[in-house]
Amino acid sequence: SLTEITIPDSVTSIGRSAFKDCSALTSITIPNSVTSIGGGAFDGCSSLTEITIPDRTESMGDFVFLGCESLERATIGNGIIRIPRYAFEDCKNLQTIVFGDNVEIIDYHAFDASGLSEIYLPDSIRTINEGAFFYCESLEEIVLPPLLEEIPPLAFFRCSSLAKAKLGESITTIGGAAFEGCSSLIDINLPDSIETIEGGAF
C-alpha cells in the first residue's frame, strides 16, 4: 500500500518489476544516481501521475510503465537513447511526454493505446518501430523528425483523431497499415523523397 517513495542517492539500479502492481503509489522520486531501470519496474502502478527519468539514467527496460493508467506526464532525461517496447502502453491519461535531447529510437508499441493528443518528436529521432503509436485514439497531430527515413507498419494504426501529419524530407518508405483507420486524417504531405508506399498504408 505504498503511496509515495523517495529513492535514496545510494541506489544505482532499479530492478525488473521492482514496483510492479504497487497500485496505490502516486509519487516516486528517482535520484540522478540511478543509471538503469529494469523491465516492468513500474508496471501496473495505476495511481502514479507523473514520472521524471534523470539525466544519468541510460536505459529503461521493456514494459517499464505499462498500464500506468493515471500517468499524465513523463519527462525523459538526456541519457536515454531508446524508448523501450511497450514502455507506455495503456497509459490512457498520458497527456505530456518530454523527450531528452538524445533519444534516437522509439521502439515497438512504445505508446500503444496511450492518451496522447499531441507529441513533439525531437530532431534526434532516427527510428520509429512498428506500432509505436498504435491505437492512440486521442492523437490529433504529428510532426515527424527530419532524419526519419521510414514510417513502419502500424505506426499510427487506428489513430482515429489524427487530422494532420507532417512528414520529414528524409522519408523513403510508408509501411503497411501505417495510417490505416486514421478516419480523421485530412492533411498529410508526401515529400519527394518517398520511394515506397506499402499495401494498405492508408
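Visitor: Which residues form one aromatic cluster?
Guide: The members are Phe-19, Phe-42, Phe-65, Phe-88, Phe-99, Phe-111, Phe-133, Phe-156, Phe-179 and Phe-202. This is a predicted model: local features need pLDDT of at least 70, side-chain atom pairs count only at pLDDT 80 or more, and totals for chains, interfaces and linings use all residues. Residues are numbered from 1 along each chain as its sequence is written, and side-chain values use heavy atoms, with hydrogens and water left out.

Visitor: How many aromatic pairs does a search of the whole structure find?
Guide: The search finds 13 aromatic pairs. Rings of Phe, Tyr and Trp (its six-membered ring) pair if their centres lie within 6.5 Å; planes under 30 degrees apart are stacked, over 60 edge-to-face, and the rest tilted.

Visitor: Why is the pair of Phe-42 and Phe-65 called stacked?
Guide: The ring centres of Phe-42 and Phe-65 are 5.3 Å apart and the planes lie at 10°, so the pair is stacked. Phe-42 is in the loop between strand 4 and strand 5, and Phe-65 is in the loop between strand 6 (59-60) and strand 7 (73-75), so the pair ties together parts 23 residues apart in sequence. Strands (E, at least two residues) are DSSP runs, as are helices (H or I, at least four residues), and they are numbered from the N terminus.

Visitor: Are those two buried or exposed, Phe-42 and Phe-65?
Guide: Phe-42 and Phe-65 are buried. Buried means under 20% relative accessible area, exposed over 50%, and partly exposed in between (1.4 Å probe, protein chains only).

Visitor: And what about the rings of Phe-88 and Phe-111?
Guide: Their centres are 5.3 Å apart and their planes are at 5°, so this pair is stacked. Phe-88 lies in the loop between strand 8 and strand 9 (96-98) and Phe-111 in the loop between strand 10 and strand 11, 23 residues apart, and the pair links these distant parts of the chain. Phe-88 and Phe-111 are both buried.

Visitor: Which residues of the largest nonpolar core touch the most other members?
Guide: Phe-42, Ile-83, Phe-88, Ile-106, Phe-111 and Phe-156 do, in a core of 60 residues. A nonpolar core is a set of buried Ala, Val, Leu, Ile, Met, Phe, Trp, Tyr and Cys residues joined through side-chain atoms within 4.5 Å. In soluble globular proteins, nonpolar side chains tend to be buried together.

Visitor: What does Ile-83 touch?
Guide: Leaving out residues up to four places away in sequence, Ile-83 touches Met-60, Ile-76, Phe-88, Phe-99, Val-103, Ile-105, Ile-106, Asp-107, Ala-110 and Phe-111. Contact means heavy atoms within 4.5 Å.

Visitor: Different topic. How many salt bridges?
Guide: The structure holds 5 salt bridges. In each, a side-chain nitrogen of Lys or Arg is within 4 Å of a carboxyl oxygen of Asp or Glu.

Visitor: What does Asp-43 form a salt bridge with?
Guide: The partner of Asp-43 is Lys-20, and the closest N and O atoms are 3.0 Å apart. Asp-43 sits in the loop between strand 4 (36-37) and strand 5 (50-52) and Lys-20 in the loop between strand 2 (13-14) and strand 3 (27-29), so the pair ties together parts that are 23 residues apart in sequence. Asp-43 counts as buried at 13% relative accessibility, while Lys-20 is partly exposed at 38%.

Visitor: Which residue does Arg-82 form a salt bridge with?
Guide: Arg-82 forms one with Asp-107, with 2.7 Å between the closest N and O atoms. Arg-82 is in strand 8 (residues 82-83) and Asp-107 in the loop between strand 10 (105-106) and strand 11 (118-120), so the pair ties together parts 25 residues apart in sequence. Arg-82 counts as partly exposed at 31% relative accessibility, and Asp-107 as buried at 8%. Asp-62, Arg-82, Arg-85 and Asp-107 are linked in a network of salt bridges.

Visitor: Where is Thr-127?
Guide: Thr-127 is in strand 12 and is partly exposed, with a relative accessible area of 31%. Thr-127 and Glu-150 are 23 residues apart in sequence and 7.4 Å apart in space, C-alpha to C-alpha.
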